[in-house]
Amino acid sequence: MRRYALTLMLAALGLALAACATKPQQLDQSFWQEQSSKKVAIVIAKLPDKGALYKEGGQGLLDMAISSVATQGVSRHLATLSADTFLEIRGELAERLRADGFEVVQHEPFVDLDQLPKTSGDGLFERDLASVANATGADRIILFRLYQFGASRAYYGFIPISAPQGLAAVYGAMVDARTNKLMWHTGDSLKDAFIKEPVVGEWKEPPDYPNLTAAATRALEKSRRVMIAKFFSK
């Protein structure tokens with residue numbers, strides 16, 4: 001059976017990131033002189049409903065079916081995990097920006113990007129954030145999107161060739177609220193998006209898989225730290 005060139009995980013994330021600009025864009029240092037004149041909104045895109053096991057490597061349909069049966073237990077457990085702790089990035093970023101003198105508003109609830117109009121044009125964010133700008137009165141919109149979280153595992157066909165790792169896939173951007181132009185973003189390549197954490201100890205411990213769960217939690221926490229570090233990189 002013909003194998004897919006991309007895994008289910010890579011294909012899904014690649015399609016989601018396709019509308020973003022190609023390479024990471026550094027924040028212009030002039031932003032840090034805008035404290036007295038610009039209001040910043042911090043926005044979180046709608047989170048995944050649950051954790052999942054994402055499979056890397058070439059797999060055909062039969063391979064997927066066999067490996068899915070073999071991983072039912074771990075997949076069932078990962079589906080009970082929540083990504084809600086990712087929301088803490090709003091408060092963490094707001095605190096640092098306020099310390100630098102910015103007026104900051106945390107936009108709630110989530111923004112469902114799939115429901116916003118698409119944009120086209122060089123240097124523009126993939127969706128029109130005018131509704132967010134109107135709701136917050138912001139001049140700059142900082143947005144974070146967690147695409148995936150849970151665990152990843154490499155396969156050759158239906159045969160696993162690695163132990164699972166904790167996974168978070170995340171993207172960050174800042175947009176000019178007036179023009180929808182990207183002012184900063186973390187890039188659309190898979191290496192820029194994926195954050196992985198190895199399992200410490202034995203991973204195969206059903207039904208709660210504590211060590212694998214801990215790795216998934218560390219990946220999620222690290223994704224917040226990485227995004228904030230990238231934003232404040234000067």
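Visitor: Are F31 and F102 buried or exposed?

Guide: Both F31 and F102 are buried, a label for relative accessible area under 20%, with exposed meaning over 50% and partly exposed in between (1.4 Å probe, protein chains only). This is a predicted model, where local features need pLDDT of at least 70 and side-chain atom pairs count only at pLDDT 80 or more, while totals for chains, interfaces and linings use all residues. Residues are numbered from 1 along each chain as its sequence is written, and side-chain values use heavy atoms, leaving out hydrogens and water.

Visitor: What makes the pair of F31 and F102 stacked?

Guide: Rings of Phe, Tyr and Trp (its six-membered ring) pair if their centres lie within 6.5 Å; planes under 30 degrees apart count as stacked, over 60 as edge-to-face and the rest as tilted. Here the centres are 4.6 Å apart and the planes at 10°, so the pair of F31 and F102 is stacked. The two residues are 71 apart in the chain, with F31 in the loop between α1 and β1 and F102 in the loop between α4 (88–99) and β3 (103–106).

Visitor: Why is the pair of F231 and F232 called edge-to-face?

Guide: The planes of F231 and F232 meet at 80°, with ring centres 5.3 Å apart, so this pair is edge-to-face. Both residues are buried, and they belong to a cluster linked by ring pairs that also includes F31, W32, F102, F144 and W184.

Visitor: How do you know that R96 lies over the face of F232?

Guide: A charge sits over a ring if NZ of Lys or CZ of Arg is within 6 Å of the ring centre and within 35 degrees of the ring normal. R96 lies over the face of F232 at 3.9 Å from the ring centre. The charged end of K55 likewise sits over the ring of Y155, at 5.9 Å from its centre.

Visitor: Why does E197 count as buried?

Guide: E197 has 15% relative accessibility, so E197 counts as buried. The side chains of E197 and R218 are joined by a polar contact of 3.3 Å (a pair of N or O atoms within 3.5 Å; within protein, one must be able to donate a hydrogen and the other to accept it, and residues adjacent in sequence count only if both atoms are side-chain atoms).

Visitor: And why does K234 count as exposed?

Guide: K234 reaches 64% relative accessibility, so K234 counts as exposed. The C-alpha atoms of K234 and L27 are 7.9 Å apart in space, though the residues are 207 apart in sequence.

Key. Helices (H or I, at least four residues) and strands (E, at least two) are DSSP runs, numbered from the N terminus.
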